Amino acid sequence: MPSLGERLAYLRNQRGLSQAELARLLHMGQSTIAMYEKNRRSPDNQSLKRLADFFGVSTDYLLGRTDRPYGTGGEGAPGNAPHDAKLYAVAADPLFAGLLRQVPELTEEEKQSLAEHWEWALRFIKKERERRRKREEGNRKG
């Protein structure tokens, strides 16, 4: 199996990032990234988690314990595809990324309110989608 360094270099290149760019984004030194990629240094637990979160893969994948990037845990376990893949896609979407960055600043009560509004909006969208579908079916028949 590929080493952590090989996997890290592969993921970084897939994103089209230089070592310096990745280091800047993760608030690390460029030499640290280079050492990881050359397998001359191993990330501590916190850095390993940051790398996994950034690339949307499990820590087991980075460590070479599995070839499955999203892990093999039970239902709802961190790193499970397709749930995490969808979550990372939303977080990477420029439309939502800025909004999601503000969530940690909210109180628990504010987060609950936001979740309730989000759920209401999704129900509204689903109803509107269903109305449109029925209208289109009616137009085709008539």
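## Working through a helical model

Asn13 counts as partly exposed because its relative accessible area is 48%, where under 20% is buried, over 50% is exposed and the range in between is partly exposed (1.4 Å probe, protein chains only). Before we start, note that this is a predicted model: local features need pLDDT of at least 70, side-chain atom pairs count only at pLDDT 80 or more, and totals for chains, interfaces and linings use all residues. Residues are numbered from 1 along each chain as its sequence is written, and side-chain values use heavy atoms, leaving out hydrogens and water.

### Exercise: the overall fold

Work out how many helices and strands the protein chain has, and what share of its residues is buried.

Solution. Begin with the DSSP runs, numbered from the N terminus: helices are H or I over at least four residues, strands are E over at least two. The protein chain has eight helices and zero strands, which gives the pattern α-α-α-α-α-α-α-α along the sequence. Next, turn to burial: 25% of the 142 residues count as buried. Finally, look at the contacts, meaning heavy atoms within 4.5 Å. Of the contacts with a separation of 6 or more, 41% are between residues 24 or more positions apart.

### Exercise: helix 1 against helix 4

Describe how helix 1 and helix 4 cross, and list the residues that make the contact.

Solution. First, place the helices: helix 1 covers residues 4-14 and helix 4 covers residues 45-55. Their axes come within 11 Å and cross at roughly 35°; axes here are lines fitted to C-alpha atoms over the stretch in contact, with angles from 0 to 180 degrees between N-to-C directions. Now list the partners. Helix 1 brings Leu4, Leu8, Leu11 and Arg12, while helix 4 brings Leu48, Leu51 and Phe55. By class, that makes six nonpolar, no polar and one charged residues (nonpolar: Ala, Val, Leu, Ile, Met, Phe, Trp, Tyr, Cys and Pro; charged: Asp, Glu, Lys and Arg; polar: the others, Gly among them). For the spacing along a helix, remember that an α-helix has 3.6 residues a turn, so residues three or four places apart point the same way.

Solution. Asn13 lies in helix 1, and its side chain joins that of Arg12 at 3.5 Å. Move on to Gln19, found in helix 2 (residues 19-26). The Gln19 side chain has a polar contact of 2.6 Å with the side chain of Gln30 and another of 2.8 Å with the side chain of Glu37. Leaving aside residues up to four places away in sequence, Gln19 touches Arg12, Gln30, Ile33, Ala34 and Glu37.

Which residues of helix 3 are buried, and which helices do they pack against?

Solution. In helix 3 (residues 30-37), the buried residues are Thr32, Ile33, Ala34, Tyr36 and Glu37. They pack against helix 1, helix 2 and helix 4. Now check the backbone of the flanking loops. Most residues other than glycine have a negative phi, and most peptide bonds are trans. His27, in the loop between helix 2 and helix 3, has a positive phi near 55° and is exposed at 72% relative accessibility. Asn39, in the loop between helix 3 and helix 4, has a positive phi of about 60° although it is not a glycine. Asn39 is partly exposed, at 42%.

### Exercise: aromatic pairs

How many aromatic pairs does the whole structure hold, and what geometry do Phe54 and Phe55 adopt?

Solution. Ring centres of Phe, Tyr and Trp (its six-membered ring) must lie within 6.5 Å; planes under 30 degrees apart are stacked, over 60 edge-to-face and the rest tilted. The search finds three pairs. Phe54 and Phe55 have centres 4.9 Å apart and planes at 90°, so they are edge-to-face. Phe54 is partly exposed at 23%, whereas Phe55 is buried at 8%. Phe96 and Trp118 form a tilted pair, 5.8 Å centre to centre with 45° between the planes. Because Phe96 lies in helix 7 (residues 94-102) and Trp118 in helix 8 (residues 108-141), this pair ties together parts 22 residues apart in sequence. Phe96 is partly exposed at 26%, and Trp118 is partly exposed at 40%.

Terms used. A polar contact is a pair of N or O atoms within 3.5 Å; within protein, one must be able to donate a hydrogen and the other to accept it, and residues adjacent in sequence count only if both atoms are side-chain atoms.
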